[in-house]
Every structure is written in C-alpha cells, then in structure tokens.
Amino acid sequence: MAKPAAIAGQIILYGAFAAFIGYFSTAPTYRQIADDVALIKLSMSHLGGRECRKRTPEELAKLPPNMRAPLDCPRGRSDIKLVLELDGKPLFDTVMHPTGLSRDGVSTVYKRFEVKAGTYQLAVKMNDNLVVPGFNFVKEAQVTLKPAQVLVIDFNPDKGGLFFQQAKD
Amino acid sequence: MSLHLALRGAAQTSFERSEDFLDTFFGGADNPLRHLGALGLYFLWILVATGLYLYTVLDTSIDGVYNSIGWLSREQWYLGGVLRSLHRYASDAFVLVMVLHLLREWAYGRYHGFRLYSWVTGVPLVWLVFISGIGGYWIVWDRLAQFSAIATTELLDWLPIFSEPAARNFLAPDSINDRFFTVLVFIHIGVPLMLILGLWAHVNRISRVDYLPSRRAMAAIMASLLALALVKPALSDLPANLALAPTGLRLDWFVLFLHPLTDITSPAAVWALIFGATILLFALPFLPHPAAAPIAVVDAPNCNGCSRCHADCPYEAITMAPHPDKPGHRIAVVDADNCAACGICAGSCPSSTPFRSQERLVTGIDMPQQPVDAMRQQLEARIAQLQGRTRLVVFGCARGADVAALDAPDTATLSLICTGMLPPSFVEYALRSGADGVVVTGCRDGGCDFRLGMEWTRERLARNREPHLRAIVPLDRLQLVAASRGEGIQLAAAIDEFRTRLETQSTAGTKPPAFSRRKIHHG
C-alpha cells in the first residue's frame with residue numbers, strides 16, 4: 001500500500017483503538033439499582049447462646065483445683081433465628097448456624113434487600129438461644145428511606161442489641 | 001471434526017484475515033495483532049512507570065486517597081492528571097491485549113506440546129491481572145470504588161473462606177479506617193510484582209523474547225493514549241459514601257465487568273464461570289492432540305560444536321555440552337520437552353550444505369521427518385524434471401502459503417517444516433544445478449509459527465547471519481516472498497512477476513557457474 005494511505009490507515013486504526021478503550025472504560029453507565037430504590041442491609045455476626053449447668057460441690061471437688069470452674073458450659077453454640085418484617089409482612093426468615101467444626105464460632109448473616117424509597121414499619125426479631133422459645137431481641141421502628149439510601153440492621157450488645165443505622169438528614 | 005476443532009479453526013481464520021488486513025497498513029513488524037505479548041509488556045511498563053508517580057502523591061487516609069488523586073486531575077492535569085489517565089487506559093489496554101493474546105495462541109493451537117509450559121504459566125497471570133486491576137479501582141475510594149469493593153466482597157463471601165462476611169467491612173461509613181488503604185496500596189503493588197515474576201516464568205522457555213513492540217508501534221500507541229488522556233481524562237466519581245448506594249456508575253467494563261455479570265446471574269454462576277474457565281484453560285493442553293512431530297536429532301560425528309543451532313533455536317531447546325568423542329569440542333544437545341520440531345536448527349547447521357559429496361548427506365542436526373538428505377534428493381530430482389524458458393525452484397513453508405499447488409513443469413516446489421530450516425546453500429545449489437531463479441517464501445513478519453524462522457531466513461539470505469548465502473549467488477535471481485496460509489494467489493502472482501523480471505531483465509550473465517555433484521559412496 002502507498003505510504004500516505006498506510007499512514008492514514010494507521011491513524012484511523014490507532015484512533016479507533018483509543019476510542020474503543022476510552023468508551024468502554026466508562027460506558028455504558030451501569031445502574032445496579034433503580035433510581036427510586038433504597039437498600040436494607042441486614043448483617044450481623046454474633047455468638048449464639050449456650051446452656052450452662054452449675055456444677056455441684058461434689059463435682060467441683062473431683063476436679064483439679066485449677067479447673068474448678070463453677071459452670072459447665074458446652075463448647076457448641078446455639079443456632080440463631082432471625083426474622084425481618086417490613087410493614088408486618090415477612091421479608092426474610094432464617095436460622096443462622098455457628099461456624100467452626102465444633103459449631104463454636106459466630107453465626108453470621110449478610111443480606112441486601114432492595115425496597116422502594118418510602119416510609120416503612122421495620123421489625124427485626126432474633127433468638128440467639130433456641131432452647132428458649134420466642135425472641136429475646138426485638139427491634140421495631142418506623143423508618144423513612146430515601147432513594148439510594150442504605151439502612152443497616154446490625155447487632156451489637158454494647159449498643160443494646162439489634163440496631164438500625166442510616167445516614168441522618 | 002470436534003466442536004473444539006471447528007471453533008479453533010474458525011478463530012484461526014478470523015485472526016489470519018485480521019492480521020493480513022492490518023498488515024496492509026502496518027506491515028508485519030508493526031502489526032499490533034502479531035505482537036500482542038510485546039504490547040502487553042509495553043502496557044505493563046506504562047502502568048509501572050505511571051503507578052510509581054501516582055504512589056508518590058497518594059495520601060493513604062480515607063479522605064486523603066480521594067483528595068490526593070483528585071488533586072492530580074484538577075490542579076496538575078498537565079502531568080499527574082495525564083499520568084493518571086495513562087495508568088487507567090494502559091490497564092484497560094493491557095486487559096484487552098491479554099485476552100486477545102490468549103485467544104490468538106489458542107486459535108493457532110499454541111498451547112500444547114512444547115508450548116505447554118508457557119501456556120500453563122500464563123493462566124494464573126489472568127487472575128493476577130484482574131486482582132490488581134480491581135484493587136486499583138478501590139484506591140481512589142470514590143463511588144465506583146465503593147461499588148466495586150462491596151460487589152467484590154459480596155462475591156467472595158459466597159465462597160466458604162471467611163468466618164465473617166467480608167462485605168461487613170463496608171456496611172457503614174465508620175466501618176473502614178485509614179489502615180485499609182495502606183493494606184490496599186501494599187496489595188496493589190505486591191500483586192503486580194507477582195505478575196512481573198510470573199511473566200518472567202511465562203517467557204522463560206523462549207529465546208529472544210519480544211519484550212517490546214517496534215519503536216514505531218510504541219510511539220503510535222503512546223500518542224493514541226496521550227490523546228485519549230487529554231481528550232477524556234480519567235476522573236474520580238463522587239467520593240464514596242457507604243450510607244448511600246452508588247447509582248449511575250461510569251463502569252470500566254474491561255476490568256469490572258464481573259460485577260454486572262454477578263448482578264444479572266448470581267455469585268454461584270460467576271464462580272462457576274471463573275473456576276470453570278480456569279480449569280478449562282489448564283486442561284486444554286491435556287486434551288487429545290495429534291502426536292508431536294519427531295524432534296531434532298544430533299549426529300555426533302557431523303556436529304562440530306559451532307553452536308549456531310543453539311543461537312538460532314527459538315525455544316532454547318538446544319544447549320551445548322562437551323563432545324563425547326572429540327576432546328575439547330562441544331556438541332549440541334536437544335531438550336525433547338522444549339523442541340518444537342521446526343527444523344530451524346537444521347537450517348543453521350553449516351554441515352547442511354548440499355554441496356557435500358557424500359551419497360547420503362548427514363548433517364550435524366537434522367529432522368527425522370524431513371532430513372536434509374531427502375531435501376537434496378527431492379531438489380535434484382525436481383530440477384532434473386524442470387522444463388521451459390525460465391525454470392524456478394520455490395522453497396516454501398508448510399505453515400504458510402501452499403507451494404505444492406504451484407508445482408508446474410517450469411516450477412519445482414519444496415515445502416519445508418518451516419522456511420527457517422532452509423540452509424542458504426540450497427539456494428546456491430538450486431541455481432547451480434539448473435534453476436534460473438529461486439523463490440523463498442514463508443510467513444509474514446511476526447506471523448511465523450515458530451517465531452524466528454522467517455527472520456533468520458531473511459538475515460541468512462541477506463548475508464547478515466550465519467550460515468549466510470555466498471557472494472557467488474546473484475541476489476537478482478532470488479526472490480523472498482512473505483505469504484501467509486491462504487495467500488496462494490498472492491504468492492503465485494509474486495512468482496509470475498519474478499519470472500517475468502528474469503525473462504525481461506538482462507540477467508543472463510549473472511548466473512553462477514553450473515555445479516554437478518561428484519557422488520562418493522561411503523561404505
């Protein structure tokens with residue numbers, strides 16, 4: 001091919017290469033959630049309860065002095081039951097299992113829910129010791145979610161158990 | 001024909017046509033498609049150089065990363081901003097050429113046999129590239145980084161590797177601290193270092209590695225990326241805010257495409273795809289393939305230890321060792337695992353000259369499937385049959401344009417494993433045995449299936465490389481034609497043109513003296 005034509009062809013092809021790179025490096029725009037949607041993130045990491053038994057004085061006496069713990073606690077932890085309700089309707093219901101081969105680790109959950117922006121009655125109930133019936137932790141509140149807003153449901157004993165976290169206005 | 005073979009054949013044809021098309025503008029030496037590996041390395045060096053500058057200005061605190069990178073684009077757009085854009089676009093280009101390189105090597109069937117090592121060591125590099133690329137986006141800590149960090153950890157959480165969900169690290173604005181970015185920068189430097197180490201291993205078994213594309217190609221690519229950096233500088237999105245879900249993201253589809261793919265499928269599907277593709281790539285060389293061709297064989301009495309085969313082997317398959325029978329001499333030793341059975345070594349051997357008088361020509365290193373002796377016999381027989389005004393001999397490559405189809409009463413053809421296995425003395429021998437002209441054809445520049453065959457042939461025939469074509473051979477009776485597989489028509493046209501030139505030009509006096517081999521029978 002004649003040199004000027006080859007150079008012109010190279011300019012066009014290198015230009016097309018740059019345009020291809022430039023376009024797909026930022027486009028097309030990606031929308032993970034619709035514009036009128038907010039997110040509820042349910043995530044917690046918590047050790048389930050366990051049933052400890054008080055040792056009798058006779059049992060304690062049989063143990064070496066350095067091992068006379070008053071309570072006999074099993075290594076394994078209880079499953080944790082968790083229920084999430086939105087406007088009184090169940091949104092999520094699960095039983096979290098302890099991690100670890102001996103089931104002695106934390107039980108965890110991480111779930112992301114997309115909901116239309118608006119005001120909701122949000123309730124989360126948790127039972128961290130299934131030997132005991134019912135829910136020993138309950139958090140219920142009216143929440144207002146703006147588009148793209150993230151509301152986090154977490155558990156922290158230092159914060160009183162279950163809590164909701166979202167950005168303030 | 002299996003589906004795999006059909007797919008591979010179609011892909012090979014597509015690559016060949018694309019390469020031939022680009023050759024018309026770039027020529028073989030500058031054709032980007034023919035030098036994808038070298039291009040990838042070039043983009044990597046751009047990434048390393050620009051990354052070093054970006055690292056010097058990076059403040060690894062939560063607000064600092066965003067502000068320090070943003071400062072480059074706003075206040076120092078002419079240097080830091082341009083370098084940042086180059087870093088971004090070079091990473092995208094790197095991913096693009098890496099994928100094309102992988103596809104091209106697969107399409108040409110360059111993944112099994114002696115290429116097994118290069119293929120297998122290349123597969124983990126794909127992981128390192130994406131780990132490095134995705135992590136790089138997090139460092140900016142804008143909304144895109146936030147999206148990618150959460151999407152990646154959510155994807156990782158599907159695997160049973162963390163006791164607590166990794167995505168919990170990005171639940172709320174107070175979930176992360178400054179230390180996170182220190183670790184992130186450490187990873188973003190460490191993984192590319194592993195990548196460079198892996199690349200060293202990847203090219204370890206080939207000689208004369210194409211470390212960089214041609215200067216013209218590098219200059220043109222740099223100009224293209226600079227123009228792109230100025231026209232469309234890489235900019236940060238809004239700062240990350242974990243209290244808000246990012247929307248309307250200007251996604252980098254080269255590096256971050258896994259995130260949308262996860263959204264439209266599922267983490268399980270994406271991991272199945274990732275692990276499935278990885279296993280498939282590792283398994284590909286072990287699928288049934290045609291038996292490997294016999295490797296080069298060294299004949300100790302005829303090897304004088306000159307080491308030309310060692311210098312010319314494209315795959316470092318030949319080493320030199322002490323000669324077992326000649327004290328103080330060396331001998332070529334062929335590594336069976338590395339030998340491509342290309343025959344380039346036979347072409348480089350000074351003992352491969354057909355002028356030797358032995359009835360059976362035994363050279364220092366030879367190919368059992370096409371010995372130099374058989375080449376000589378075939379050449380002599382074909383020349384003896386030639387008729388017509390201008391008798392030509394055409395030496396061709398079995399991987400390039402089909403020369404057998406051009407066989408005619410006035411044209412003798414010899415197809416070689418690779419044109420690189422042609423000892424230049426065969427050209428002289430053909431002319432002195434009765435041919436009026438010799439055509440040597442092989443793959444286009446950068447298209448040689450055995451990497452260096454055509455390059456060495458050019459240099460040998462141009463008398464720039466040993467064994468060289470002797471000065472007695474007039475170059476006007478020799479025509480070198482680059483023709484890929486499927487370019488038989490172009491080759492035929494080039495041969496016709498050469499024949500016409502020989503017939504019309506006054507070359508009668510330039511023909512070297514005739515030669516008739518004196519045959520000696522060894523007993």
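1. In chain B, the C-alpha centres of domain 1 and domain 2 lie 43 Å apart, where domain 1 of chain B covers 3-286 and domain 2 of chain B covers 297-510; such bounds come from an automatic or database domain assignment. This is a predicted model, in which local features need pLDDT of at least 70, side-chain atom pairs count only at pLDDT 80 or more, and totals for chains, interfaces and linings use all residues. Residues are numbered from 1 along each chain as its sequence is written, while chains are lettered from A and ligands numbered from 1 in the order in which they are written.

2. Where these two domains of chain B touch, 16 residues come from domain 1 and 18 residues from domain 2, a contact meaning that the C-beta atoms of two residues, placed from the backbone, lie within 7 Å. On the side belonging to domain 1 of chain B, there are 4 nonpolar, 5 polar and 7 charged residues (nonpolar: Ala, Val, Leu, Ile, Met, Phe, Trp, Tyr, Cys and Pro; charged: Asp, Glu, Lys and Arg; polar: the others, Gly among them).

3. Between the chains, 36 residues of chain B are in contact with 38 residues of chain A. Two or more residues each are given to the chain B side by α1 (3-30), α4 (77-107), α6 (143-157), α8 (215-231) and α9 (258-264) of chain B, and α8(B) supplies the largest share, 5 residues; helices here are DSSP runs of H or I, at least four residues, numbered from the N terminus. That side of chain B divides into 22 nonpolar, 5 polar and 9 charged residues.

4. Chain A is assigned domain 1 (1-30) and domain 2 (37-49 + 77-166), and the centres of these domains of chain A, taken over C-alpha atoms, are separated by 52 Å.
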